[in-house]
Amino acid sequence: MAVTAVHQLAQCITCHAWSADRSMVALCPNNSEVHIYRLVEDKWEKVHVLQKHDQIISGIDWGARSNKIVTASHDRNSYVWNLERSEWVPTLVILRLNRAALCVQWSPKGLRSLYFIAYILNSSVLAENKFAVGSGAKTVCICYYEQENNWWVSKLIRKRHDSSVTSVSWHPDNILVASTSTDGKCRIFSTFIKGVDARDPKKESRFGELIVQLDLSSSWTFGVKWSPSGNTLAYVGHNSVIYFVDDVGPSPLAQNVVFRDLPLRDVLFVSEKMVIGVGYDCIPMVFAADERGIWSFIRYLGERKAVSSGSRYGSQFSEAFGKFYGQAKLGVSNDAVETSRTRGVVHENCINSIIPLSRQGTQIRRFSTSGLDGKIVMWDLETEQDLLELLV
């Protein structure tokens, strides 16, 4: 089994995030509070309760460099929490939304621009310099710290989405952000902000510019993520399909893998060619790309075998029709992959988030999942020899 630990920390968990050293975890127990637990002598103890929001918290992210926590809530607000001595102090971020904030994520890089040189010289901390908030107002808010006025401000990407923004994900370049929506589309925007981001002549773009719109799904879309290199994008649909997009730009190449079980809600690249998906089936699903770049379902994590296929990658369809990959834009379908099985191995309800725990280079060897059953489960790929061989 890949499961290394199971922690029942609430009746229901909406979202969770880890501190940089993985000694503490912040979670929302399906209400307006954030509970922070610390591991003390093999037991999780509640050490802080963050209370400022008025409605359910829908997103949490913990900055690895800054040690700041950002939260987003159905009350249409976002807070940045800073640890001062032994207390978490909130700073309100005005999002200017008229609907709920649904998701949030820190940008991946530190404060690099000339605008912040004076700040950097006076501080040894390189912090995340932006975060993105998706909302029910058909809007993505890009928030950044304005040093001169000592507050967080937001710029809105408007008039692009036709419905609620369900998830956001930053490209490794710290400029592009991908979003999914209940209008069935995945979009990629530029978030370049003059004075905040370093200018790259090769990637000149305006704030809010739509780089590409992917119309692959006929249903709601969720859980968008970039690969470590930023060359591949993955997201999922509520129609039990996972989509993989290469060469993101004016002429992207896309594949979709259809499976016969319940839809996924979130995904995580554990390497450039392997993705873990989680959702309503209550157990992580493993997808991988072969040497030709054909993505297919492999198996459920924690189980030895998932499909009755002679192919190493578990998809007779992709084996037979893989030669068509790349011949047309947005066109490859690994249809009707058989994955039926008995649901639920550790989680007993929908898994709504998956977070990396440890890395080896660009590969993730351990990760955690949380779900509506109130559990946080830690998974270790080192115990899965067949998957470890694919990672190497």
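How many helices and strands does the chain have? The chain has three helices and 29 strands, where helices (H or I, at least four residues) and strands (E, at least two) are DSSP runs numbered from the N terminus. The model is predicted, so local features need pLDDT of at least 70 and side-chain atom pairs count only at pLDDT 80 or more, while totals for chains, interfaces and linings use all residues. Residues are numbered from 1 along each chain as its sequence is written, and side-chain values use heavy atoms, with hydrogens and water left out.

**The chain as a whole**

- Of the 392 residues, 58% count as buried; buried means under 20% relative accessible area, exposed over 50%, and partly exposed in between, with a 1.4 Å probe and protein chains only.
- The accessible surface of the chain is about 16,900 Å², and 47% of this belongs to carbon and sulfur atoms; the areas come from the Shrake-Rupley method with a 1.4 Å probe, and for residues only the protein chains shown count as cover.
- Among contacts (heavy atoms within 4.5 Å) between residues at least 6 apart in sequence, 52% join residues at least 24 apart.

**The sheet E6-E7-E8-E9**

- Four strands form an open, antiparallel sheet in the order E6-E7-E8-E9; two strands pair if DSSP finds at least two bridges between them.
- Strand E6 (57-62) and strand E9 (87-93) are at the edges and have a single partner strand each, so one side of each is left without a neighbour in the sheet.
- Neighbouring strands of this sheet are turned by 25° against each other on average, direction ignored; axes are lines fitted to C-alpha atoms, for helices over the stretch in contact, and angles run from 0 to 180 degrees between N-to-C directions.
- In E6, six of its six residues are buried.
- E6 pairs with strand E7 (residues 69-73) in the antiparallel sense over five bridges, and Trp62 has Ile69 in E7 as its bridge partner.
- The hairpin of E6 and E7 has six residues between the strands, and Asn67 in the turn has a positive phi of about 60°.
- Strand E8 (residues 78-84) and E9 pair in the antiparallel sense over seven bridges, with Trp88 in E9 as the bridge partner of Leu83.

**Val80**

- Val80 lies in strand E8 and counts as buried at 3% relative accessibility.
- The C-alpha atoms of Val80 and Ile69 are 5.7 Å apart, with the two residues eleven apart in sequence.
- Leaving aside neighbours within four places in sequence, the contacts of Val80 include Val89, Trp106, Phe131 and Trp152.

**His16**

- His16 is part of strand E2 (residues 15-18) and counts as buried, at 1% relative accessibility.
- The side chain of His16 makes polar contacts with the side chains of Ser353, at 3.0 Å, and Ser370, at 2.8 Å.
- A polar contact is a pair of N or O atoms within 3.5 Å; within protein, one must be able to donate a hydrogen and the other to accept it, and residues adjacent in sequence count only if both atoms are side-chain atoms.
- Not counting residues up to four places away in sequence, His16 also touches others, among them Val25, Leu27, Ile60 and Ile376.

**Leu262**

- Leu262 is in the loop between strand E21 (253-259) and strand E22 (264-271), and at 32% relative accessibility it counts as partly exposed.
- Leu262 and Ser240 are 22 residues apart along the chain, and their C-alpha atoms are separated by 6.0 Å.

- Residues 158-190 are 0% helix and 52% strand, with the end C-alpha atoms 13 Å apart.
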